[in-house]
Amino acid sequence: MPETTPKGLTGLAFGGDYNPEQWPENVWHEDVRLMREAGVTMVSVGIFSWALLEPARGTHDFGWLDRLLDLLHENGIRADLGTPTVAPPAWFYREHPEALPVAADGTRYEFGSRGAICHSNSDYRAAAASITTALATRYADHPALALWHVHNEYGVPVSACYCASCAAHFRCWLARTYGTVDAVNEAWGTAFWGQRYADFEQINPPRVTPTVGNPAQALDYKRFADETMRENFVAERDILHRLAPGIPVTTNFMTALSQCDSVDYWAWGREVDLVTNDHYLITDGRRTHVNLAMAADLTRSVAGGAPWLLLEHSTSGVNWQPRNPAKSPGQMARNSLAHMARGSEGAMFFQWRQSRRGAEKFHSAMLPHAGTDSRVWREVAELGASIESLTSVKGSRTVADAAVLWDWHSWWAQTLDWRPSEDHDPRERADAFYEALYDRHLTVDFAHPEADLSAYPLVVVPALYLMTEAAGNNLREYVGQGGTLVVSYFSGIVDEHDAVHEGAYPGALRDVLGLTVEEFSPLLKDDRVRITGPDGSELTGDVWTEFVVPRGAETVWTYADGLTAGHPAVTRHRLGEGSAWYVSTRLGGQGLDALIGWASDDARIAPRADLPRDVEVVRRSGESGTFLFAINHTSSDAKVPLDAAGTELLTGERATGRLVLPAGAVRVVRLND
């Protein structure tokens with residue numbers, strides 16, 4: 001079995017992307033001295049260095065990288081060594097301009113950025129294999145090498161190419177997936193609008209058409225593009241496994257739904273030796289710490305619950321959003337330790353030294369333009385000491401209370417053209433339901449709809465438009481055996497080919513929910529509906545309503561106005577030993593809190609009324625003990641009840657009874673057994 005932890009890294013990972021090629025070599029020694037001062041244990045190197053490592057085809061210059069890795073090793077700093085295949089050199093594109101990707105409208109992108117790659121191009125694949133082989137041959141036994149870092153952020157900025165090479169590759173993918181062109185016609189429903197194909201050669205990528213194209217074809221092309229990128233990762237990974245056994249291989253994910261929508265991370269998580277993730281706060285007015293927690297939970301889930309590694313985040317502001325505010329004092333440490341609470345084995349940043357040139361010169365770094373006499377640097381050094389004090393956390397696993405079902409294929413299908421309402425956003429529903437669970441202080445695992453759910457008393461389905469028959473059967477079995485299920489509207493509608501399940505909506509979920517939906521009735525922009533409970537209490541919905549007909553389910557809340565007035569809005573179906581809740585409108589925060597509260601009562605999950613809003617309490621547990629992370633995102637001091645005494649690892653103080661948690665602070669208690 002491949003190794004799953006960075007080789008030679010005895011503690012937790014702390015450091016960042018190091019790009020010494022941007023600086024004179026006499027700066028390197030100063031960098032490494034400061035790294036040691038800050039407590040850096042690992043840096044990522046070589047990720048964008050192809051043009052330096054291979055300045056002309058077949059001509060390699062490894063001298064500078066030799067000296068860098070030797071310097072790191074001499075100073076006890078491990079290296080996460082990149083294969084630089086995200087940024088082919090200018091000479092490569094001059095020789096192979098067809099390796100530049102083509103957009104759906106036929107525009108071919110130009111060299112001058114990053115990630116401008118047609119992943120089907122055979123010349124790119126050969127060149128990527130060549131540089132990867134050269135690196136592995138030279139550095140497999142280098143004592144600084146801890147981890148291989150393939151490519152960079154697959155799927156960003158380009159995932160799909162629509163060139164002739166991709167068209168040929170797509171036809172091969174279809175033949176391998178379906179076997180015959182008749183099977184493709186059946187899956188895509190090509191009888192509609194006369195789109196039937198007589199042979200594979202007639203099929204092209206879903207390029208720009210006069211009106212909406214075939215949605216099943218577009219969905220399959222998203223799958224094809226994702227698998228094509230993954231083929232290239234696997235090719236590099238296998239070279240590294242063969243030539244450098246014992247060194248784990250990863251690539252940095254971007255699991256946050258706010259940052260990448262073109263990669264099926266369930267599939268990718270099975271291919272890497274260690275799941276790593278990049279996460280950046282989206283400063284759009286939301287509670288950014290909730291998005292952070294959600295991304296960390298999703299990353300851990302992609303890792304199958306195992307520890308993972310935060311490979312990039314920012315010390316302060318970034319530079320690629322419309323407005324890029326600095327992080328407040330203490331926020332960098334709070335963000336870093338929140339990721340660790342949810343499973344990360346450390347905290348890495350982009351990047352070590354802030355760039356003077358290029359597109360990201362205003363992106364924050366561990367060593368800012370202001371140098372060591374700066375708040376950012378002082379906080380970096382303090383964080384390094386804190387992470388060192390948490391070494392005993394390594395290897396433990398985060399303990400979850402509930403699960404949220406998520407599937408990237410469903411998201412892809414949901415966001416295709418011509419759906420009942422453009423106001424229904426599956427990401428928004430996932431964010432909203434997660435926030436409702438977060439505000440009840442529940443730690444969440446994400447799960448694939450066909451996964452084993454028996455460990456969770458509560459499972460939430462915020463948006464699963466696409467659901468296979470197997471997934472529907474899985475949920476029916478889950479509820480029948482005692483689980484509590486919560487499902488939001490427009491879920492279970494189509495199968496894996498974007499074909500509506502036979503019979504009434506919601507197809508795959510009819511039996512478990514005990515109802516049918518005769519018709520969708522989306523609302524016009526800014527319209528609202530009132531829904532009322534049996535006690536006269538009232539909630540508000542928007543965006544969506546449905547004509548729900550109970551078929552065994554009981555009506556809990558009813559539409560009080562609008563076209564669906566008098567019809568059920570929220571239902572509950574008792575099935576076997578469990579119950580399934582359904583909400584057929586978009587509820588806001590108050591309504592979702594009520595719904596999750598009712599479902600939590602069914603699931604026998606005790607409320608945490610003793611914790612203030614925006615105070616996180618998350619547990620990690622393993623052979624080294626049980627660790628309680630308490631994180632205060634508020635401006636007021638808080639107290640967190642402890643169910644056992646222990647030692648607070650950041651201060652060394654004994655903790656018992658109620659843990660004092662200062663405003664903006666983090667405390668980590670190793671509980672006594």
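Residues are numbered from 1 along each chain as its sequence is written, and side-chain values use heavy atoms, with hydrogens and water left out. Because the model is predicted, local features need pLDDT of at least 70 and side-chain atom pairs count only at pLDDT 80 or more, whereas totals for chains, interfaces and linings use all residues.

Rings of Phe, Tyr and Trp (for Trp, the six-membered ring) were taken to pair if their centres lie within 6.5 Å; planes under 30 degrees apart count as stacked, over 60 as edge-to-face and the rest as tilted. The count by this rule is 36 aromatic pairs. One of them joins Phe92 and Tyr93, with 5.5 Å centre to centre and 70° between the planes, and is edge-to-face. Relative accessible area was classed as buried under 20%, exposed over 50% and partly exposed in between (1.4 Å probe, protein chains only). Phe92 is buried because its relative accessibility is 0%, and Tyr93, at 6%, is buried too.

The pair of Tyr221 and Phe224 is tilted, with 5.1 Å centre to centre and 45° between the planes. Both residues lie in helix H8 (residues 215-243), three residues apart, which is about one turn of the helix. Helices (H or I, at least four residues) and strands (E, at least two) are DSSP runs, numbered from the N terminus. Tyr221 counts as buried at 1% relative accessibility, and Phe224 counts as buried at 2%. One aromatic cluster is formed by Tyr154, Phe233, Phe253, Tyr265, Trp266, Trp268 and Trp408.

A charge was taken to sit over a ring if NZ of Lys or CZ of Arg is within 6 Å of the ring centre and within 35 degrees of the ring normal. Arg353 lies over the face of Trp23, at 5.1 Å from the ring centre.

Two strands pair if DSSP finds at least two bridges between them. Strands S11 (residues 402-405) and S12 run parallel and are joined by four bridges; Val404 has Phe446 of S12 as its bridge partner. Strand S12 (residues 444-447) is covered on both faces, with Val444 and Phe446 buried on one side and Asp445 and Ala447 buried on the other.

His567 is placed in the loop between strand S19 (554-559) and strand S20 (568-575). At 26% relative accessibility, His567 is partly exposed. Apart from neighbours within four places in sequence, His567 is in contact (heavy atoms within 4.5 Å) with Phe547, Val548, Thr558 and Tyr559. The C-alpha atoms of His567 and Trp557 are separated by 8.9 Å, the two residues being 10 residues apart along the chain.
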